[in-house]
Amino acid sequence: MTAGNPLTLMALGVAGWLAWTMGEYLIHRFGMHALRGRGITSREHLNHHADRDSILEKWPLAWLGVILVGLGWAWLVTPAFGAGWVFGYGFYDLHHWHAHKRPPRNRYQRWLRRHHFHHHFGHPTENLGVTWPVWDVAFGTLHRPGTIRLPRRMAMVWLVDEEGRVRPEFATDYEVVGRPRPGAAVDRAEVDERDRVDAFANRPPALG
């Protein structure tokens, strides 16, 4: 196959996407969690773990970095490979945002949310590939969830009703426990600080 062959271009694009999925895993594992808050990437990611539904993927610096790396791949390998890398990040960005903000609409989205929120609320050093589990399998960090228990104060907006109870359609996958986030500023600051300490220590948030 020649470089301009559509099948070749497609294969190179898929290879770039696969390269991103490994990058997604390695950055998440070593550039975010292993550093425990040292450096802006790790610090902002662990703040994401500590805060309810804090989403950073629209952060312009993240996109800038991914595009620059994609341009590097385009120069070193081929533009199709670089495009696959950037597409992979965009796919991750969109699906991670949806996981925190919108309910699942198909089997893949249900799997992704269970896989990812088990990482958030049960095993922060496992299930590190957000969009694809193959690298978790390869490196021994896959942990299959049962019912996911999470603190009520951190429940995703789509998961619970106005009274903080799990919506019936998600009751087989999730259980919320404890109180909502405190209303008083002093109590709220204490809980927020506890959640931040746990996140930076790679511990799941306290359920109480």
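User: Is D173 buried or exposed?

Analyst: D173 is buried, because its relative accessible area is 6%. Buried means under 20% relative accessible area, exposed means over 50%, and partly exposed lies in between, with a 1.4 Å probe and protein chains only. Keep in mind that this is a predicted model: local features need pLDDT of at least 70, side-chain atom pairs count only at pLDDT 80 or more, and totals for chains, interfaces and linings use all residues. Residues are numbered from 1 along each chain as its sequence is written, and side-chain values use heavy atoms, with hydrogens and water left out.

User: Thanks. Which residues are linked with D173 in a network of salt bridges?

Analyst: R110 and R114 are linked with D173 in that network. A salt bridge here is a side-chain nitrogen of Lys or Arg within 4 Å of a carboxyl oxygen of Asp or Glu.

User: How far apart are the closest N and O atoms of R110 and D173?

Analyst: They are 2.7 Å apart. R110 lies in helix 5 (residues 107-121) and D173 in the loop between strand 1 (148-151) and strand 2 (174-177), so this pair ties together parts that are 63 residues apart in sequence. Helices (H or I, at least four residues) and strands (E, at least two) are DSSP runs, numbered from the N terminus. R110 itself counts as partly exposed because its relative accessible area is 41%.

User: And what about R114 and D173?

Analyst: Their side chains meet in a salt bridge as well, at 3.3 Å from N to O. R114 is in helix 5 and D173 in the loop between strand 1 and strand 2, so to speak two distant parts of the chain, 59 residues apart. Both R114 and D173 are buried.

User: How many salt bridges does the count come to?

Analyst: The count comes to eight. One of them joins the side chains of R153 and D195, at 2.8 Å from N to O. R153 sits in the loop between strand 1 and strand 2, and D195 in helix 7 (residues 185-200), so parts that are 42 residues apart in sequence are tied together. R153 is buried, with a relative accessible area of 6%, and D195 is buried too, at 4%.

User: Let's zoom out. What does the secondary structure come to?

Analyst: There are seven helices and two strands. From the N terminus on, the order is α-α-α-α-α-α-β-β-α.

User: What about the overall dimensions?

Analyst: The C-alpha atoms fill a box of roughly 65 × 35 × 30 Å along the principal axes. Of the 208 residues, 41% count as buried.

User: Now the surface, please. Which residues form a nonpolar patch there?

Analyst: M10, V14, L18, W132 and V134 form it, with about 400 Å² of accessible area together. Patches are made of residues with over 30% relative accessible area and no salt bridge; like charges are joined within 9 Å, and nonpolar side chains (Val, Leu, Ile, Met, Phe, Trp, Tyr) within 5 Å. Helix 1 (residues 6-33) gives the largest share, three residues. V14 is in helix 1 and counts as partly exposed, at 40% relative accessibility.

Technical notes
Areas by Shrake-Rupley, 256 points an atom, 1.4 Å probe, with all protein chains shown as cover.
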